[in-house]
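Trainee: Could we go through this model together? I'd like to start with the terms and then move on to the details.

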Amino acid sequence: MKFIIAVIKPFKLDEVREALGAVGVAGMTVSEVKGFGRQKGQTEIYRGAEYSTNMLPKVKLEIAVGDDLAPQVVETIQQTASTESIGDGKIFVFDLASATRIRTAETGETAL
């Protein structure tokens with residue numbers, strides 16, 4: 001099993017969620033987060049005053065999938081979330097040692 005974490009631009013969330021559903025992803029956890037990468041933040045104007053922020057709003061997706069589906073999930077996120085501009089985000093893939101469904105006590109891939 002694999003645990004995939006993707007940090008993407010917020011306006012891409014619905015498009016990515018729909019694309020992942022189409023390839024067989026049954027569920028995911030979504031969090032609103034802030035962070036920065038190479039772009040080092042941005043300058044914004046609020047009530048006529050310009051200010052600089054070093055943390056940009058992003059969305060973090062956490063997805064647990066079987067080994068066979070992981071490459072397709074990564075490719076789908078990469079293609080769907082891309083705007084071909086700086087700040088599109090990152091995708092991280094980890095090995096997932098175990099998973100347990102609380103309601104039924106199922107374990108492994110059947111718990112996903």
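Mentor: Let me begin with accessibility: buried means under 20% relative accessible area, exposed means over 50%, and partly exposed lies in between (1.4 Å probe, protein chains only). This is a predicted model, in which local features need pLDDT of at least 70 and side-chain atom pairs count only at pLDDT 80 or more, while totals for chains, interfaces and linings use all residues. Residues are numbered from 1 along each chain as its sequence is written, and side-chain values use heavy atoms, with hydrogens and water left out.

Trainee: OK, how many salt bridges does the structure hold?

Mentor: There are five, where a salt bridge is a side-chain nitrogen of Lys or Arg within 4 Å of a carboxyl oxygen of Asp or Glu. One of them joins the side chains of lysine 9 and aspartate 88, with N to O at 3.6 Å. That pair links distant parts of the chain, 79 residues apart, with lysine 9 in the loop between E1 and helix H1 (13-23) and aspartate 88 in the loop between helix H2 (70-81) and strand E6 (89-95). Helices (H or I, at least four residues) and strands (E, at least two) are DSSP runs, numbered from the N terminus.

Trainee: And are lysine 9 and aspartate 88 buried or exposed?

Mentor: Both lysine 9 and aspartate 88 are buried.

Trainee: What about glutamate 15, which residue does it form a salt bridge with?

Mentor: Its partner is lysine 12, and the closest N and O atoms are 3.2 Å apart. Glutamate 15 counts as partly exposed because its relative accessible area is 43%, whereas lysine 12, at 10%, is buried.

Trainee: Switching topic, which residues does threonine 80 touch?

Mentor: Leaving aside residues up to four places away in sequence, threonine 80 touches Lys12, Glu15, Val16 and Ala19, contact meaning heavy atoms within 4.5 Å. Threonine 80 lies in helix H2 and is buried, since its relative accessible area is 13%.

Trainee: Last one, how does strand E1 pair with strand E5?

Mentor: Strand E1 (residues 2-8) and strand E5 (residues 56-65) pair in the antiparallel sense over seven bridges, and two strands pair if DSSP finds at least two bridges between them. Within that pairing, phenylalanine 3 has alanine 64 as its bridge partner in E5. Strand E2 (residues 29-35) is also joined to E5 by seven bridges and runs antiparallel to it, with lysine 34 standing opposite proline 57.
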